[in-house]
Number of protein chains: 2
Amino acid sequence: MIEYKGKDHGSAGWIIAENAFDARYLAKFETILCQGNGYLGLRATTEEAYTGERRNMFVAGTYNRFANQEVTELPNAADMVRLDISLNGVPFHLEKGTIHAYRRELDLRQGELRREILWEDEAGVQYKLCFRRFVSLRDRHLIGIRAEITPLNQDAEITIRSGINGQMANSGAQHFLEGERRIFDQELLQLTATTTESGIDFVHTCLHHLSKDGTRLNVSPAPAMERRKVLLTYKIKAEAGKRITLDKIATVHTSIDLEWSDHPVANLPALQETARDHVWQAAIKGFDQLFAESEQAWKRQWTDSRIEIRSKDPFDQLAVHFAQYHLLLMTPAHDSRFSVGAKGLTGEGYKGHVFWDTEIFIMPYFLYTDPQTARKLAEYRYHTLNGARKKAKDNGYRGAMYPWESAVTGEEETPEWGPVDVVAGTPTYIWTGKIEQHITADVAYGVWHYYQATGDQEYMDRYGYEIILETAAFWASRLEWSEEDQKYYICDVIGPDEYKEHVNNNAFTNYMAYWNITKAMECARQLMHAQSDVYSALDSKFALAERLMEWEEIVKLIYLPQPDPDTLLIPQDDTYLHKQVVDLEKYRNQEIVATILADYSMTQLSDIQVSKQADILVLFYLLEDWFSRETKAANWHYYEPKTLHDSSLSLSTHSILACDVNDVELAYQMFAKAARVDLGTNLHSCDEGIHAASIGGIWKAVVMGFGGVRSWEGTLRLNPKLPPAWESLSYPLSWRSERLQVKITRDKLLVERLTSGTGQLNLSIHGQSYLLKDRIVVDLEEVMPSE
Amino acid sequence: MIEYKGKDHGSAGWIIAENAFDARYLAKFETILCQGNGYLGLRATTEEAYTGERRNMFVAGTYNRFANQEVTELPNAADMVRLDISLNGVPFHLEKGTIHAYRRELDLRQGELRREILWEDEAGVQYKLCFRRFVSLRDRHLIGIRAEITPLNQDAEITIRSGINGQMANSGAQHFLEGERRIFDQELLQLTATTTESGIDFVHTCLHHLSKDGTRLNVSPAPAMERRKVLLTYKIKAEAGKRITLDKIATVHTSIDLEWSDHPVANLPALQETARDHVWQAAIKGFDQLFAESEQAWKRQWTDSRIEIRSKDPFDQLAVHFAQYHLLLMTPAHDSRFSVGAKGLTGEGYKGHVFWDTEIFIMPYFLYTDPQTARKLAEYRYHTLNGARKKAKDNGYRGAMYPWESAVTGEEETPEWGPVDVVAGTPTYIWTGKIEQHITADVAYGVWHYYQATGDQEYMDRYGYEIILETAAFWASRLEWSEEDQKYYICDVIGPDEYKEHVNNNAFTNYMAYWNITKAMECARQLMHAQSDVYSALDSKFALAERLMEWEEIVKLIYLPQPDPDTLLIPQDDTYLHKQVVDLEKYRNQEIVATILADYSMTQLSDIQVSKQADILVLFYLLEDWFSRETKAANWHYYEPKTLHDSSLSLSTHSILACDVNDVELAYQMFAKAARVDLGTNLHSCDEGIHAASIGGIWKAVVMGFGGVRSWEGTLRLNPKLPPAWESLSYPLSWRSERLQVKITRDKLLVERLTSGTGQLNLSIHGQSYLLKDRIVVDLEEVMPSE
């Protein structure tokens with residue numbers, strides 16, 4: 001079904017192909033072959049329709065709430081991809097007739113989706129059908145679609161019905177008012193629809209060109225308007241051997257597009273006219289030129305960012321290309337009002353909401369390759385700071401309490417009800433929005449990480465310090481004093497391991513809260529001495545001096561679970577280690593996610609030593625210098641066997657930690673699994689969208705794990721450890737306004753400085769210090785720790 | 001594709017069958033094979049899903065408005081019919097594999113839908129699949145579904161996923177909040193959803209029984225809740241030759257059901273519990289008994305109402321059975337708050353709205369066969385009288401101005417925008433809600449017709465007179481005085497012929513307005529003398545004496561277009577006869593409805609002598625004694641060739657009028673066409689639902705046309721004229737509390753009195769008077785007018 005190689009020379013590592021058609025797996029391929037550009041995401045639905053398809057297009061940040069009882073989500077825009085093709089009066093689709101050849105592939109080099117079919121209908125007429133599609137990287141509003149149909153052995157009458165279908169919904173939830181349908185000059189279609197609650201206008205516009213063997217055809221289509229639809233039907237007589245080509249240029253614009261906030265469009269009619277002009281202009285260029293422009297943009301993108309892996313398994317190279325491709329698609333680099341959804345823009349899953357995934361799993365990619373985009377992500381949390389303040393206040397706390405699921409305001413967007421509780425027969429209550437509170441420290445960590453990697457002082461002065469101080473203020477008010485133990489506890493939370501609800505003193509949460517407060521104290525003291533103007537401004541806003549005094553008192557008393565002197569185990573929470581240990585064989589190494597929930601209710605799961613995902617291990621990754629290598633190893637070996645990796649966030653963390661504890665073989669096994677969360681042979685693992693954090697995790701495992709990149713308090717470290725299968729690894733790296741190119745072979749590390757700076761850059765490589773001017777070459781065998 | 005006969009003895013005239021599967025025509029069969037009982041209507045969607053299906057279930061009267069910009073419509077309830085069947089892991093549907101035998105049939109005798117398939121999958125495994133389905137006529141909330149699957153030549157693993165799917169929408173418009181999903185005792189599913197604006201709770205409940213060769217299986221299904229869905233998945237190993245049977249008992253209840261207004265359900269939990277009890281109780285009976293109960297109810301129904309036609313063409317008998325079947329389905333006989341939608345409960349078309357179709361085309365069936373139900377329809381217009389008063393007031397008139405499209409309040413529900421205007425590229429503005437005003441007189445006519453046929457004085461005293469007086473008051477205020485001509489005109493209207501918008505003095509409208517005012521005057525005078533209490537009550541409410549004085553003044557001055565002395569033509573409106581005459585050959589006798597709108601905009605259509613449907617001819621039918629036979633014939637021959645019959649209301653009227661002008665051969669041709677509007681070989685004519693008025697028209701053409709039944713001011717007439725193809729026609733007839741049975745053969749008319757009354761009944765038969773005591777036999781050759 002799924003193939004990882006292309007046909008042409010140079011396509012190795014760049015192609016994901018579906019080599020046979022099976023309607024059961026539509027959703028898988030719709031997700032992994034998704035196209036986009038950070039502004040819009042377009043699932044790879046086929047032109048012809050099938051039961052079970054998920055025909056989705058999302059525009060970043062356009063959240064709407066269907067009803068008061070629901071949370072906001074990204075609405076599914078009108079569909080412009082579907083083509084109803086009839087061949088001699090019979091609707092074309094692949095579940096009838098005979099497929100003589102079939103191949104669909106996404107070419108990551110330029111984001112092109114291609115499909116080529118040799119098909120014979122039930123009357124024996126053979127057709128060649130080719131489809132090409134791109135979402136422009138040059139013009140973020142634009143989609144190009146080309147359909148080529150050639151009857152091979154007989155003449156045929158070809159009917160194509162195409163247009164804009166606004167009947168799309170989000171699994172039944174309709175986010176748009178019916179809106180306006182128009183046909184201009186009998187060829188340009190426009191459908192405008194406005195979201196029901198947030199009032200965002202979506203303007204969908206498209207135009208068709210028809211040709212026969214390259215010569216433009218002037219066919220008058222029959223127009224139709226149905227409910228929420230505007231359509232044209234073309235009828236063409238095609239002689240055997242003649243190629244009929246339909247080019248469709250489509251755009252989507254919304255009233256909240258950044259263009260109009262810079263240069264405001266006065267009103268909806270002006271926006272509609274802008275969109276029409278856009279399509280008229282694009283149509284003059286035509287499909288080929290529009291595609292070439294997008295291809296150029298992709299080429300520049302890859303030149304700047306490409307990671308090269310020479311591995312015995314060519315899949316490794318593909319996986320990292322795939323990750324980089326999807327990281328671009330999922331990230332609204334153009335607009336800091338929005339951030340990255342847990343499924344990117346590839347599916348309805350998680351409703352386009354932003355989780356800790358962004359700071360912990362996705363932002364690092366941009367920190368170290370594209371700091372401008374990382375800054376957008378860091379700014380997003382400032383734009384949503386007031387929402388976080390509101391959440392804190394509503395919950396009786398001070399400062400800023402970030403939402404577990406965030407959309408546009410920063411208010412909590414976690415839905416209340418989830419999948420079935422198998423015991424009660426009711427939906428499961430989702431507690432994360434109430435008590436998975438570590439997100440607040442994760443956001444602060446992201447800010448600090450951004451600062452460490454970029455040195456962007458202007459960001460910190462304007463946004464960053466305020467976030468760190470306000471999140472610390474939240475934690476200070478969140479702590480619970482235990483009179484008995486004379487300690488501050490944090491009770492009734494969910495840690496990263498979501499199979500343990502309502503726990504006390506989750507180690508991850510307590511340490512990160514401690515980190516957040518101490519970091520805020522450190523920042524405040526530093527500002528006091530070095531940047532008194534910034535300090536004064538913050539002090540007058542937040543009474544910093546008072547806060548500092550309070551924090552100094554409490555921070556020493558926060559309970560931080562320590563490694564057991566004998567076993568080195570750190571308890572994940574107050575009760576985990578006392579719970580029942582059960583045989584998890586049935587649920588481990590399963591390709592089907594979360595099967596344990598088919599047997600246990602959440603309440604029952606709480607009583608056994610089973611983890612959904614890395615918990616304390618994430619802490620080792622984030623605060624790595626706070627824990628010894630021995631502690632890390634001991635805990636790795638205790639907790640990993642109890643972890644089902646039912647969260648896609650889990651495997652990459654384990655892979656990195658395995659590198660840290662020097663088990664590179666195991667790290668590679670974990671990486672190999674992580675790289676297959678979406679791309680692997682489980683044909684239903686990503687029906688509702690890619691796993692954005694897991695995709696960030698692929699890059700992390702490669703560059704931060706095997707590549708050994710980490711930054712800790714101002715120093716860039718490179719502790720590379722190639723897995724045995726790899727001959728070399730090469731990646732670009734941004735660090736404090738510098739651009740480096742790192743190349744690791746089995747015995748050498750080469751760091752080149754691409755930016756022409758004057759000073760020298762301090763590097764730590766396997767514990768040794770180096771000064772980089774233009775390039776350095778390190779003999780790894782000399783510096784590597786023995787295993 | 002479509003077949004009109006069954007296999008068993010006695011099934012002739014009762015079976016509509018689909019003898020081959022073609023997914024292109026799903027909608028046609030979903031409509032004509034629809035099941036229901038006046039409370040709910042369930043389209044005959046297949047258990048397995050296909051692209052292009054319209055999976056609809058409607059409950060009478062449950063209107064909701066999606067958004068302020070839209071009108072109310074009947075919301076599409078959650079689906080409980082779909083079964084996702086996988087055979088050895090491959091989803092079952094008929095576009096793959098090989099169909100060795102296929103037949104689906106609706107048996108009108110008891111409303112059962114049966115489907116039998118012999119199917120071979122792509123691996124060569126053969127299966128017999130049988131599906132049965134009924135909507136109970138005994139228990140209006142209840143649906144029974146049975147699926148039988150037998151692997152024939154190999155063992156097979158059968159997976160069935162079944163439940164309740166609330167993702168359904170009306171062409172993209174979602175009318176329900178997400179609502180509540182529950183599973184009880186791991187087997188009973190319940191999904192409650194509330195309409196977004198009207199706040200009506202829908203409680204969907206279902207339960208499954210599984211058996212193998214008749215022996216109950218205890219299989220634990222896997223439960224699942226998805227968005228707006230609750231589902232169970234059964235996995236069964238079936239040995240070759242063993243029959244696996246899934247019985248699904250499903251119910252729908254709503255918070256506005258009449259039961260709860262008689263015995264109020266205190267709250268939603270109580271309604272949900274009632275629904276669960278209902279299903280538990282039904283499940284104890286089981287599919288077979290539930291079906292038998294419904295079958296009994298259908299048998300009684302047919303015994304009471306069946307019409308028998310002995311014709312050379314057996315289709316004629318089927319057509320009238322089909323009409324009677326659908327007339328029962330479409331009519332909420334249980335609840336006078338609601339009436340009959342233009343597509344019944346069979347599709348989204350016309351949004352479940354009530355038009356003049358009810359009074360003019362549907363009510364006659366009930367008047368003459370089931371007066372209790374006719375009374376419900378007559379009461380409906382009283383329940384909506386305040387809405388009609390509001391419309392009059394909003395438009396600057398007095399009295400009651402009935403809406404062109406009516407739902408539950410009687411306020412105007414006509415949408416503003418329709419299909420594309422081919423010239424402008426915009427949706428067509430729908431003027432009917434503003435200016436198709438004859439509906440107000442049609443409603444009054446329906447009330448009077450009801451009174452004439454039933455003699456129900458109690459209805460008139462409570463409701464009827466008030467409607468007639470208030471509609472007359474509307475017309476009195478609606479008239480426009482022409483100083484020049486010293487006449488009252490009615491300008492800027494649409495008559496029944498909707499291809500002529502904004503016309504002045506549409507003959508139909510002017511005559512009916514005149515009839516309405518004069519009828520009100522007559523009623524008022526009569527009451528004044530005969531029922532002074534009723535008169536006083538109405539007088540104190542409406543100042544009747546004053547109104548009467550005003551009406552006496554104006555009624556004489558209403559302009560009533562007269563037949564031309566030479567041609568006998570009555571102008572349809574002030575300008576029709578002066579418009580251009582064009583060749584309509586291209587558009588006449590087309591099976592595709594309204595093709596002329598593909599070439600002409602509505603504005604252009606206004607300028608040529610083309611009619612969508614009967615206009616003045618309907619007037620001849622309603623006020624038949626006001627026009628001579630010669631006038632009728634002259635106008636028939638002038639207007640019919642200019643009529644495209646693009647409205648399904650047109651043909652039956654023409655058929656009846658052809659009888660009236662003694663052209664029985666032509667009447668039969670028209671009847672034959674009318675009978676095929678839904679049931680004919682045009683496989684897309686009724687995708688959006690049956691044509692309720694056309695179905696009423698089938699009965700009308702049979703009983704009022706060929707059967708010759710008419711009532712005019714208190715006399716029952718029977719002027720039968722059998723078409724040459726018919727040997728005999730027999731029908732029951734209700735008349736003023738009497739039940740008669742009429743049998744017409746080629747030379748005799750037999751009228752039997754079924755009610756045991758004492759008095760005698762006055763009958764007019766071809767202009768001669770008869771007194772009926774028990775039975776009369778008339779020699780038709782003696783009394784028939786020669787042609």
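A residue is buried if 20 or more other C-beta atoms lie within 10 Å of its own, exposed if 12 or fewer, and partly exposed in between. The exercises below apply this cut-off and others to a predicted model.

**Exercise 1.** Decide whether A:Q613 is buried or exposed, and list what it touches.

*Solution.* Start with the position: A:Q613 sits in the loop between α14 (602-605) and α15 of chain A. Next, take the count. A:Q613 has 22 other C-beta atoms within 10 Å, so it is buried. Last, look at its contacts, leaving aside neighbours within four places in sequence: A:Q613 is in contact with A:P496, A:D497, A:T643, A:H645, A:D646, A:S647, A:L649 and A:S650.

**Exercise 2.** Find which residues carry the UniProt feature "binding site", and work through A:W356 as an example.

*Solution.* The unreviewed UniProt entry places this feature at A:W356, A:D357, A:K612 and A:Q613. A:W356 belongs to the loop between α4 (315-330) and α5 (357-369) of chain A. It counts as buried because it has 26 C-beta neighbours inside 10 Å. Leaving aside neighbours within four places in sequence, A:W356 is in contact with A:I439 and A:D442.

**Exercise 3.** Determine how many residues of helix α17 of chain A are buried, and what covers them.

*Solution.* Helix α17 spans residues 650-660 of chain A and is mostly covered, with 11 of its 11 residues buried. Among them are A:S650, A:H654, A:I656 and A:D660. The cover includes α15 (616-622), α16 (629-639), α18 (664-674) and α20 (692-706) of chain A. Just after α17(A), A:N662 has a positive phi of about 75°.

**Exercise 4.** Describe the largest nonpolar core and the contacts of one of its residues.

*Solution.* The largest nonpolar core has 221 residues. Those with the most contacts inside it are B:L40, B:V447, B:I468, B:A472, B:L617, B:I698 and B:V702. This core draws at least three residues from each of domain 1 (2-306) and domain 2 (316-706) of chain B. Not counting residues up to four places away in sequence, B:V702 touches B:I307, B:V320, B:G707 and B:L729. Apart from this core lies another, of 220 residues, including A:L33, A:Y365, A:L538 and A:L649.

**Exercise 5.** Work out how chains A and B are related and what the side of chain A that touches chain B is made of.

*Solution.* A rotation of 180° with 0.0 Å of shift along its axis superposes chain A on chain B, with an RMSD of 0.0 Å. That is the relation of a two-fold axis. At the interface, 39 residues of chain A are in contact with 39 residues of chain B. The elements of chain A that give two or more residues to this side are β15 (180-184), β19 (222-226) and β23 (417-420). The residues on this side divide into 19 nonpolar, 11 polar and 9 charged. Of the interface residues of chain A, 100% are also interface residues in chain B, so the copies meet through the same surface.

Definitions and conventions:
Residues are numbered from 1 along each chain as its sequence is written. Chains are lettered from A and ligands numbered from 1 in the order in which they are written. This is a predicted model: local features need pLDDT of at least 70, side-chain atom pairs count only at pLDDT 80 or more; totals for chains, interfaces and linings use all residues. Two residues are in contact if their C-beta atoms, placed from the backbone, lie within 7 Å. Helices (H or I, at least four residues) and strands (E, at least two) are DSSP runs, numbered from the N terminus. Ala, Val, Leu, Ile, Met, Phe, Trp, Tyr, Cys and Pro count as nonpolar, Asp, Glu, Lys and Arg as charged, and the others, Gly among them, as polar. Copies are superposed by least squares on the C-alpha atoms of residues with pLDDT of at least 70 in both. A nonpolar core is a set of buried Ala, Val, Leu, Ile, Met, Phe, Trp, Tyr and Cys residues joined through C-beta atoms within 7 Å. Domain bounds come from an automatic or database domain assignment. UniProt positions are given in the numbering used here, feature names are shortened, and annotations may be inferred rather than shown by experiment.
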